[in-house]
Amino acid sequence: MPIANSFTKLFGIRHPIALAAMDLVADARLTLAVSEAGGFGFLGAGYGDAEWLDRELAILAGSRGAGSTPFGIGFITWSLAKHPELLDSALAAKPKAIWLSFGDPEPFVQPIKDAGALVVCQVQSVEMAVDAVSRGADVVIAQGGEAGGHGISCGSLALLPAVVDAVGNKVPVLLAGGVADGRGLSAAIMLGAQGVVMGTRFYASQEAAGSILAKQRIVRASGADTLRSIVFDVSRRNIWPIPYTGRCLVNDHTDRWYGRELELMRRGDALEAFARARQAGDYDTAPVIAGEAAALIHDIPSAADIIHRMAAEAESLLLAAPQLARQPEPAAKAAAS
Ligand SMILES: Cc1cc2nc3c(=O)[nH]c(=O)nc-3n(C[C@H](O)[C@H](O)[C@H](O)COP(=O)(O)O)c2cc1C
């Protein structure tokens, strides 16, 4: 029996599982694969590359003929503020929802609502959640520090219920960060979430944009093989506002430069080598953006396989949950029987 709740109802989806709006990795192909499998896909418009966005939106628009697959589009809010016209292109594609993360959503909320789309805000603290809802967020994603990519440091286990306590009576709350299977989904539901958002798990899928070598590194990595730092941002000369840092897999480059970021900023040769490595897909130097959920990822299946096996696992765990709370039989009686 599928898990049905306020999130699945609001979005008209079968499973409470969403694809994170991963910059470039969550392209139209992956977005559609997730939505067609009964989850909800967010296109990763990230920093906002107009040419890429137009191309991917055209693919999403083309899918409409097959029967109106719902999808969302996600932006990095502080970057969207520099190119606000991109929101018009996104809204013209008639998304079900717009995802805003990392920055002030206020300027974008009304245009999104006017276009009939839902406002989904990813936050990293209770204060941010309360603020997002006061500005009109229809859904809040609590992003724990385990997450791949940019974020802050509060772990999912404490952050999620605290966000649910603060805003869960007003809007559906989803969990992002550290979820890769049905155990994570069922645990999130027990903690008060209405669903989960996954990045790293869907990165290691057949449909995700990105190199097979990067996906294989995620499969090989343990959770301890990731690092939240500013090395990646410094290396690509893309400095983020405080307090955000980025989680990636560790590699030779982070081993060399973590803790020496000021020196790295001045090392033109190292920055050029980093740019070349990104072009060449040399992941000993270039980053693979991924979170601690890498510890739970052992294969590169289709997005549909990920969703179906995860939903089945979570459903059976939730159905079995009452057994976990049953009183144990008294020892003497148990021994006699
Ligand atoms: C490769 C990658 C790229 C990401 N890019 C973005 C992004 O452009 N915008 C954003 O809001 N979050 C981005 N994130 C973070 C996700 O939104 C999400 O919070 C995270 O993936 C959840 O944790 P998980 O990786 O453990 O599933 C990215 C994550 C990954 C792994």
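Me: Which elements each supply at least two residues of the shell around the ligand, and which of them gives the largest share?
Reply: In this predicted model, at least two residues of the shell come from each of β2 (40–46), β3 (71–76) and α10 (200–203). The largest share of that shell amounts to three residues, and the element that provides it is α10.

Me: Which residues come nearest to the ligand, and how does its shell divide by class?
Reply: There are 29 residues around the ligand, and those that come nearest are S101, A147, G148, G149 and G199. By class, the residues of the shell divide into 13 nonpolar, 13 polar and three charged.

Me: In what order do the strands of the closed barrel run, and what is the average twist from one strand to the next?
Reply: The barrel is closed and has eight strands with parallel pairing, in the order β1-β2-β3-β4-β5-β6-β8-β9. Within this order β5 (residues 118–123) runs parallel to β6 (residues 139–143), joined to it by four bridges, and V120 stands opposite V139 in β6. From one strand to the next, the twist averages 25 degrees.

Me: Is the crossing of α7 and α8 left-handed or right-handed?
Reply: The axes of helix α7 (residues 126–134) and helix α8 (residues 156–167) come within 9 Å, crossing at roughly 35 degrees. On the α7 side the contact is made by V126, A129, V130 and V133, and on the α8 side by A162, V163, A166 and V167. By class, this contact has eight nonpolar residues, with no polar and no charged ones. The crossing of the two helices is right-handed.

Technical notes. Residues are numbered from 1 along each chain as its sequence is written. This is a predicted model: local features need pLDDT of at least 70, side-chain atom pairs count only at pLDDT 80 or more; totals for chains, interfaces and linings use all residues. Axes are lines fitted to C-alpha atoms, for helices over the stretch in contact, and angles run from 0 to 180 degrees between N-to-C directions. A crossing is left-handed if the near helix is turned anticlockwise from the far one by less than a right angle, and right-handed if clockwise. Two residues are in contact if their C-beta atoms, placed from the backbone, lie within 7 Å. Ala, Val, Leu, Ile, Met, Phe, Trp, Tyr, Cys and Pro count as nonpolar, Asp, Glu, Lys and Arg as charged, and the others, Gly among them, as polar. Two strands pair if DSSP finds at least two bridges between them. A residue is near a molecule or strand if its C-beta atom, placed from the backbone, lies within 6 Å of it.
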